[in-house]
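Q: Could you take me through how enclosed space, nonpolar cores and aromatic pairs are read from a model?

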Amino acid sequence: SWVVVANDKKAGVAKLGETSGSYSVPARSAAILVEKASYKDFSDKFKYGTLTVNHHVGSNVTTKKYLYRIGTNYYASKDAELLKRYNVTKTEGAVSGTFSGDTKVDYYYESNGKTINKLTVKYVDANNKALTPDMNYEIEYGSKYTIPVCTIQSYQVNTDEYPSGTTGRIAGDKTITFKYKPLASQKTILHYHKTNSWGTIKAYAYTDKGDEPLGTWNNVKSMSKDTDKGNGWWKVEIPVAACRVLFHNGQGDQEPAKNVPGYPVGGECYIDNKVITYTSTIVTSYIDIKTGKKLKDDSSTTVTKKNTDQYTTKGDDSLGKLVEEPANAAGFYQPGTTNVVYLYNTSGEEDTEPPTLATQATQATQATQSTQATQGGTQSTIAPVTTGDSAILGDTNGDSNVNIKDVSLIQRHLANLIFLDNVSLKRADVDGSNNVNIKDASLIQRWVAFIPVSYDIGKLMK
């Protein structure tokens, strides 16, 4: 007996029919038949089911669904956002194990009486125009928080207008606004060395915002020969201060390979055998945490370095008590400007917990009632379908790409601004230490910058 998987109308791995003996194929068409026993062995390996997780808060139900392959391990995560305001008081269904088919897990939550404050972080230019979407956090009253400075492509932080209170304890709803200014040069001059048989070389550029400054993949112009550099060198000017770039010959060959991020470039830079050389500026600032004012002039160093070279900075003990050493006090050189900000407490006042809220429980109850009234009954939200067995190491946010966003998520998790669920923690633990820490963030950062690491970042997890 045979199973038909392709005929004159359809092809794939789905079963289109069975036959034995003879099988008729229409003129000018084809068919593919697979021996029945072999097809069963194949299809059994690729059977999937749905893990349904229901989160109950009173009469409200939020439903999330995930696709898992049968025979793989699964875990039903609690809702990290709900856990800020509620405790899980009851669980129905097996929350983990070997996936055998459609599975349902129900979590029931009750208020924990905590007061939650909103922390909003804005990233704007000199005209207060948003450069990236606002970051919104919900933090328990009295909890510590730290908001590190964020790198934005083609911009640098305006340290003359640095915000106050970027670290501390939340004592009410709060907004922190970082201001940025454009990099001095708003173009990238790219030199690329390629000695193989590609007759034509095209450079495709893209920015973090999704812009394509040289055009779409198929429509970009060919690079010009860089006669000043010599044989095998090519050149192109890109009308943005910084971006990522990939090269292809229009015939299906490309560098870097498919599903790998483009090379980070900016200013004048050179790419030779996957090593990137560029001009990089490190700006070190010394800021009073209470006022946001500079305690002394910025220290700025501009050098030409490779993406494998590392920089170091240091604080100034004479300025006061260092609140926290910046996460990027040392790291790898990047194109453009890297802002390193040391924060000091010059007032001598210790960071103490805010006063206890006498109406804390009442406010939490009112917030719960308000939320329930707004939701207006049962709500069913279907989360993006993900496969439990196809997680990519380093892909913290589960979007099938490993990039700086995953590094940022780990940093925010370590600062207690968000809480990663177990699935995300497993993807983020790139060194396999069973402890997600700044080392994991640094390893992903190295991989994104094309610096070799001895871990399988970017590959499917076993």
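Q: How much space lies in the largest cavity?
A: Rolling a probe the size of a water molecule over the atoms shows where empty space is left. On a 1 Å grid over the protein atoms alone, a cavity is a set of points where a 1.4 Å probe fits but cannot get out, the points being joined across faces, edges and corners, with the volume taken as the space filled by probe spheres set on them. Here the largest cavity holds about 40 Å³ of space, and a search of the whole structure for cavities of 30 Å³ or more finds 1. This is a predicted model, in which local features need pLDDT of at least 70 and side-chain atom pairs count only at pLDDT 80 or more, whereas totals for chains, interfaces and linings use all residues. Residues are numbered from 1 along each chain as its sequence is written, and side-chain values use heavy atoms, with hydrogens and water left out.

Q: Which strand supplies the largest share of the lining of the largest cavity?
A: Lining residues have an atom within 4 Å of a point, and strands are DSSP runs (E, at least two residues) numbered from the N terminus. Strand 13 gives the largest share, 3 residues, and strand 29 (336-345) also supplies at least two. Among the lining residues are Tyr 155, Gln 156, Val 157, Tyr 180 and Thr 337.

Q: Which residues have the most contacts inside the largest nonpolar core?
A: A nonpolar core is a set of buried Ala, Val, Leu, Ile, Met, Phe, Trp, Tyr and Cys residues joined through side-chain atoms within 4.5 Å, where buried means under 20% relative accessible area with a 1.4 Å probe, protein chains only. In the largest, of 29 residues, these are Leu 190, Met 223, Val 245, Phe 247 and Ile 271. Strand 24 gives the most to this core, with 4 residues. Apart from it lies another core of 22 residues, among them Ile 152 and Ile 418.

Q: How many aromatic pairs does the rule count?
A: Rings of Phe, Tyr and Trp (its six-membered ring) pair if their centres lie within 6.5 Å; planes under 30 degrees apart count as stacked, over 60 as edge-to-face and the rest as tilted. The count comes to 13; one of the pairs, Tyr 68 with Phe 99, is tilted, at 5.6 Å centre to centre and 35° between the planes. Tyr 68 lies in strand 5 and Phe 99 in the loop between strand 8 and strand 9, so the pair ties together parts 31 residues apart in sequence. Phe 99 is buried, at 1% relative accessibility.

Note on methods:
On a 1 Å grid over the protein atoms alone, a cavity is a set of points where a 1.4 Å probe fits but cannot get out, and a pocket is an open set with protein on both sides within 12 Å along at least five of seven lines; lining residues have an atom within 4 Å of a point. Buried means under 20% relative accessible area, exposed over 50%, partly exposed in between (1.4 Å probe, protein chains only).
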